[in-house]
Amino acid sequence: MKQIFALFLLTIVAAVPSLAQAQLLSSQDSSSGLQPVDRIVAVVEDDVILQSELNDAVAAIQQQYASQPGQLPPIDVLRRQVLDRLVLMKLQLQRADDQGIRVSDADVDQAVQNVAAQNKMTPDQLHAAVEQSGLSFAAFRQQLHDQLVVQKLHQSVVHDSVSVTESEINNLLNSPSYKAGEVHLAHIQVSIPSGASATDIQAAQNKAEQAIAAIKGGMSFKAAAIRFSDAPDALDGGDLGWRRLDEVPPAFVDTINSLKPGEVSGILHGPTGFHILQLIGQRAPSKQMVTEYHARQILVRPSELLSATQAEQKAQDLYNRIVNKHQDFAKLAKDDSNDDTTANAGGDMGWFQQGEWGSLIGQKLSEMKDGEISPPFQSEAGWHILQRLGSRSSDMTNELARDQARQAIGNRKADQAYDDYLRELRSSSYVKILVPELQETNDADNGKASS
């Protein structure tokens, strides 16, 4: 889910030029006397999807593949795929609203900062770029808001249904599949609707066979995934990234073990549909050496009694007293630091891995030498003065293995739980596609379009 969210954020920015072009075309139509008419293309429970929404979403995907347009399926197939994404998004937002899930403006602000950082911009630069393209920044924020809501819904769904025991971790660590290392996979998933008929199952199998035939005929696996897969990552080429072999459904492990990098499996029948796998790469487990730092800090936090400017000035004054007047760092930390967890220990943060105190502090420490004191720098918490006391390389293989095993088991259970949830949500919801060319051939007449 996190990977999907990150890709989505980057796609929004990539889509900006194409959306601007769409708006330009719209204005050209208007100037020529042709007034574009927005229409409803789908009814989703009590909500609707407009033609303009679909057009913008399709334009975003086309912009993402602007340098490789041949990777995309025919435009009618692409529109149906994108529409299905929009339908699923609407349903998730509706269910989240029913459950009282909310996202604050502060959460969206943080997401904006994350998108800006990923694109090597400041938030102000991102705002200007979005507005300059012709896309409303309010609409941009709404897209981020919706993604955050879906993340919270996902967490809510899997929270009570996913638990990992110590015995499960021990069994996994002792299993041959865990010791086998990691595999880089891509997949094509042809879904079977919940409560599918024999006709539905045969139609899905035929689609999977078409995908296999296309790959054997020379189509790249990525292009085939974009064209034939029903999975949420289809338009990203079906890339599952690197994952430990134990994270793969057990029914597929033997097939993966029989493949060499680059090879493609046959059609595999799973509980949710038909699957085709490609093994992109494989790597053995290795010793996990981690750099740890010992440091201490002074934190000056703005407050009602201390303005942001005054906090910066105070931090600079403390730095001068330590570096130029050689006053005791520990005493100043105990007297003046606003970090409740370290102040009483003279600012001592103990030994920790690079990211444990946040990426910014970790980055600063990696650039310093033992004994060096940093000039004041600002984070969301306030103004920091750091002193790096030492560094060491530690063998964390066993500790990280347990953490990875716990995460792998949890991720596998969470993925299955949420996939089941989405399939049930889609099959039990009222979805009516109103535009004939956007309907699948097996869409039901009762208004519940098949997944």
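Predicted model: local features only at pLDDT ≥ 70, side-chain atom pairs only at ≥ 80, totals over all residues.

Biologist: What makes β3 and β6 a pair?

Modeller: The bridges. Two strands pair if DSSP finds at least two bridges between them. Strand β3 (residues 182-191) has 10 with β6, in the antiparallel sense. Helices (H or I, at least four residues) and strands (E, at least two) are DSSP runs, numbered from the N terminus.

Biologist: How do you know that β5 pairs with β6?

Modeller: Three bridges join strand β5 (residues 268-270) to β6, and the two run antiparallel. Histidine 269 stands opposite phenylalanine 274 in β6. A hairpin of two residues links β5 to β6.

Biologist: Why is β6 called mostly covered?

Modeller: Strand β6 spans residues 273-283, and eight of its 11 residues are buried. Buried means under 20% relative accessible area, exposed over 50%, partly exposed in between (1.4 Å probe, protein chains only).

Biologist: Why is valine 48 called partly exposed?

Modeller: Valine 48 has a relative accessible area of 27% and therefore counts as partly exposed. Valine 48 sits in strand β2 (residues 47-50). Its contacts, leaving aside neighbours within four places in sequence, are Ile40, Ala42, Val43, Glu53 and Lys90. Lysine 432 is 384 residues away along the chain, yet the two C-alpha atoms are separated by 9.4 Å.

Biologist: And why is aspartate 415 called partly exposed?

Modeller: The relative accessible area of aspartate 415 is 43%, so the term is partly exposed. Aspartate 415 belongs to helix α15 (residues 397-428). From histidine 154 it is 261 residues apart in sequence and 9.6 Å apart in space, C-alpha to C-alpha.

Biologist: What is the angle between helix α2 and helix α3, and what is it called?

Modeller: Helix α2 (residues 51-64) and helix α3 (residues 75-98) pack at about 115°, with axes 9 Å apart. Axes are lines fitted to C-alpha atoms, for helices over the stretch in contact, and angles run from 0 to 180 degrees between N-to-C directions. Under 35 degrees is roughly parallel, over 145 roughly antiparallel, 65 to 115 roughly perpendicular, and the rest oblique. α2 and α3 are therefore roughly perpendicular.

Biologist: Which residues of α2 and α3 make the contact?

Modeller: From α2, Glu53, Leu54, Ala57, Val58, Ile61 and Gln62; from α3, Ile75, Leu78, Arg79, Val82, Leu83, Arg85, Leu86 and Lys90. By class, the α2 and α3 contact has nine nonpolar, one polar and four charged residues. Ala, Val, Leu, Ile, Met, Phe, Trp, Tyr, Cys and Pro count as nonpolar, Asp, Glu, Lys and Arg as charged, and the others, Gly among them, as polar.

Biologist: Why are α12 and α13 called roughly antiparallel?

Modeller: Helix α12 packs on helix α13 (residues 329-336) at about 155°, axes 10 Å apart. That makes them roughly antiparallel. Lys314, Leu318, Arg321 and Ile322 in α12 meet Phe329, Leu332 and Asp336 in α13. This contact of α12 with α13 divides into four nonpolar, no polar and three charged residues.

Biologist: Which strands form the open sheet, and in what order?

Modeller: Four strands, in the order β8-β7-β10-β9, with antiparallel pairing. β8 (348-353) and β9 (377-379) stand at the edges; each has a single partner strand, so one side of each lacks a neighbour in the sheet. The twist averages 45° from one strand to the next.

Biologist: How do you know that β9 pairs with β10?

Modeller: Three bridges join β9 to strand β10 (residues 382-395), running antiparallel. Phenylalanine 377 has histidine 384 in β10 as its bridge partner. Helix α12 (residues 308-323) lies across β7 (289-300) and β10, at about 55° to β10.

Conventions: Residues numbered from 1 in each chain as written. Heavy atoms only, no water. Contact = heavy atoms within 4.5 Å.
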